[in-house]
Amino acid sequence: MRKSERQRLIKQLMNENDIQKQEDFVTLLENSGVKVTQATISRDIKDMQLIKVPSPGGGYRYSLPAQQTVDTEKKLKRVLYDAYVSMAIQDYFIVLKALPGNGTAIATLIDQMEFADTFGTIGGDDTVLIIAKTPAAAQDLYQILTNLLER
């Protein structure tokens with residue numbers, strides 16, 4: 001399993017469970033069919049900038065920082081403003097052209113936004129292919145991206 005897929009699963013597990021220890025992540029991931037070590041979880045926690053917050057049942061649980069979604073949207077808006085060249089849509093697909101060197105960053109930020117109707121993204125040097133789950137979802141995402149381009 002790729003790091004991004006594992007971290008997406010970690011976010012999902014945090015939404016469904018009060019995870020208090022790194023060992024809890026290991027156990028829950030193994031129950032989901034993903035074999036990981038505590039060291040891998042430790043690196044993921046640092047990479048995802050997870051924090052511990054008070055748990056309703058007492059103690060502390062892992063959580064995403066509250067600002068992360070806002071920061072990701074700001075970053076995406078900024079990089080689109082700085083590097084956007086063009087965008088086209090066809091059926092399930094959106095092709096976004098950017099200045100050279102920006103495609104991978106834009107694809108990563110779109111992945112981090114976790115748009116519900118996005119099936120996946122592929123980022124090249126100056127091109128991002130965004131695959132939506134339905135043609136209607138592609139239209140919605142196209143509109144969201146267009147709105148992010150406005151200052």
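Ile122 is found in strand S5, where strands (E, at least two residues) and helices (H or I, at least four residues) are DSSP runs numbered from the N terminus. The model is predicted, so that local features need pLDDT of at least 70 and side-chain atom pairs count only at pLDDT 80 or more, while totals for chains, interfaces and linings use all residues. Residues are numbered from 1 along each chain as its sequence is written, and side-chain values use heavy atoms, with hydrogens and water left out.

Leaving aside neighbours within four places in sequence, Ile122 is in contact with Ala107, Thr127, Val128 and Leu129, contact meaning heavy atoms within 4.5 Å. Ala88 lies 34 residues from Ile122 along the chain, and the C-alpha atoms of the two are separated by 15 Å.

Strand S5 belongs to an open sheet of 4 strands, in the order S3-S4-S6-S5 and with antiparallel pairing; two strands are taken to pair if DSSP finds at least two bridges between them. Strand S3 (84-90) and strand S5 (118-123) are the edge strands, each pairing on one side only. From one strand to the next, the twist averages 15°. Strands of a sheet pair through backbone hydrogen bonds, in either a parallel or an antiparallel sense.

S5 and S6 form a hairpin, with 3 residues between them.

Helix H5 (residues 103-113) lies across strand S4 (93-98), S5 and S6, running at about 160° to S5. Helix H6 (residues 135-149) lies across S3, S4, S5 and S6, at about 165° to S3. For these angles, axes are lines fitted to C-alpha atoms, for helices over the stretch in contact, and values run from 0 to 180 degrees between N-to-C directions.

Strand S1 (residues 51-54) and strand S2 (residues 60-63) pair in the antiparallel sense over 4 bridges, and Ile51 stands opposite Ser63 in S2. This hairpin has 5 residues between its strands, and Gly58 in the turn has a positive phi of about 100°.

Taken as a whole, the protein has 6 helices and 6 strands, which follow the pattern α-α-α-β-β-α-β-β-α-β-β-α along the sequence. The C-alpha trace spans about 50 × 30 × 30 Å along its principal axes. An unreviewed UniProt entry carries the annotation "domain: Arginine repressor C-terminal" over residues 81-146; UniProt positions are given in the numbering used here, feature names are shortened, and annotations may be inferred rather than shown by experiment. Over residues 81-146 the chain is 39% helix and 38% strand, with the end C-alpha atoms 11 Å apart.

S5 also contributes to a pocket. The second largest pocket has a volume of about 470 Å³. Of the 18 residues that line this pocket, Arg8, Asp111, Glu114, Thr118 and Phe119 are the closest to its centre. Helix H1 (3-16), H5 and S5 are the elements that give two or more residues to the lining, and H1 gives the most, with 6 residues. A pocket here is an open set of points on a 1 Å grid over the protein atoms alone, where a 1.4 Å probe fits, with protein on both sides within 12 Å along at least five of seven lines; lining residues have an atom within 4 Å of a point. Grid points are joined across faces, edges and corners, and the volume is the space filled by probe spheres set on the points.
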